[in-house]
Amino acid sequence: MRQSDVANLLGIGVRTYQYYEGDEHRPDYEMLIKLADLFDVSTDYLLGRSQERLVETRERADT
């Protein structure tokens, strides 16, 4: 997926997304959740607080 595709899905400009990727700007709380949802990872993973990409949830464990 290209940066422009991701930016469009998030409803932000390409440059803003590039700033996030380049660690020049930090996404706010709401954008962090959107990024985690889009990439199907936990917010802790995006923040570098966990090596686990996904948090085991009851819903996922039941499927």
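Is Ala-36 buried or exposed? Select Ala-36 and show its surface. Ala-36 is buried, because its relative accessible area is 5%, under the 20% cut-off. Keep that residue in mind; the tour comes back to it.

**Whole chain**

Start with the cartoon. This is a predicted model, so colour it by pLDDT. The average over the protein is 89, and 86% of the residues score at least 70. Helix H1 has the highest mean pLDDT among the elements, at 97. Helix H5, residues 58-62, has the lowest, at 53. Where pLDDT is low, the predicted coordinates should not be read in detail.

Next, count the elements. There are five helices and zero strands. Along the sequence the pattern reads α-α-α-α-α. The protein has 63 residues, and 19% of them are buried. Among contacts between residues at least 6 apart in sequence, 12% join residues at least 24 apart.

**The nonpolar core**

Select Val-6, Ala-7, Leu-10, Ile-12, Tyr-17, Tyr-20, Met-31 and Leu-35. These eight residues form the largest nonpolar core. Helices H1 (3-10), H2 and H3 each give two or more residues to this core. H1 gives the most, with three. In soluble globular proteins, nonpolar side chains tend to be buried together.

Stay in the core and centre on Tyr-17. Which residues does Tyr-17 touch, not counting residues up to four places away in sequence? Val-6, Ala-7, Leu-10, Ile-12 and Leu-35 are among them, and each of these five is also listed in the core. Tyr-17 also touches Gln-3 and Phe-39.

Move to Leu-9, in helix H1. Is Leu-9 buried or exposed? Leu-9 counts as exposed because its relative accessibility is 58%, over the 50% cut-off. Show its contacts. Beyond residues up to four places away in sequence, Leu-9 touches Met-1 and Leu-38. Then draw a C-alpha distance from Leu-9 to Lys-34. The separation is 9.3 Å, for residues 25 apart along the chain.

Select Val-14, which is found in helix H2. With 32% relative accessibility, Val-14 counts as partly exposed. Leave out residues up to four places away in sequence, and Val-14 touches Ser-4 and Ala-7. Ala-7 is one of the core residues.

**Two loops, two positive phi angles**

Follow the chain out of H2 to Asp-23, in the loop between H2 and H3. Check the backbone here. Most residues other than glycine have a negative phi. Asp-23 has a positive phi of about 60° although it is not a glycine. Asp-23 counts as exposed, at 51% relative accessibility.

Now jump to Asp-40, in the loop between H3 and H4. What is the phi of Asp-40? It is positive, at about 55°, and Asp-40 is not a glycine either. Asp-40 is partly exposed, with a relative accessible area of 42%.

**Back to Ala-36**

Return to Ala-36, which sits in helix H3. Select what surrounds it. Leaving aside neighbours within four places in sequence, Ala-36 is in contact with Val-41, Ser-42, Thr-43 and Leu-46. Thr-43 and Leu-46 fall within helix H4 (43-46). The C-alpha separation is 9.6 Å, for residues 17 apart along the chain.

**The largest pocket**

Finish with the surface. The largest pocket holds about 400 Å³ of space. It is lined by 15 residues. Which of them are closest to the pocket centre? Select Tyr-20, Pro-27, Leu-32, Leu-35 and Leu-46. Helices H2 (14-21), H3 (29-39) and H4 (43-46) each give two or more residues to the lining. By class, the lining has 10 nonpolar, one polar and four charged residues.

Tyr-20 and Leu-35 belong to the largest nonpolar core. Leu-46 is in contact with Ala-36, the buried residue where the tour began.

Technical notes: Residues numbered from 1 in each chain as written. Predicted model: local features only at pLDDT ≥ 70, side-chain atom pairs only at ≥ 80, totals over all residues. Heavy atoms only, no water. 1 Å grid on protein atoms, 1.4 Å probe; cavity = no way out; pocket = protein on both sides within 12 Å on 5 of 7 lines; lining within 4 Å. Points joined across faces, edges and corners; volume = space filled by probe spheres on them. Helix = DSSP H or I, 4+ residues; strand = E, 2+ residues; numbered from the N terminus. Nonpolar A, V, L, I, M, F, W, Y, C, P; charged D, E, K, R; others polar. Core = buried A, V, L, I, M, F, W, Y, C linked by side-chain atoms within 4.5 Å. Buried < 20%, exposed > 50% of the residue type's maximum accessible area, 1.4 Å probe, protein only. Contact = heavy atoms within 4.5 Å. pLDDT = per-residue confidence, 0-100.
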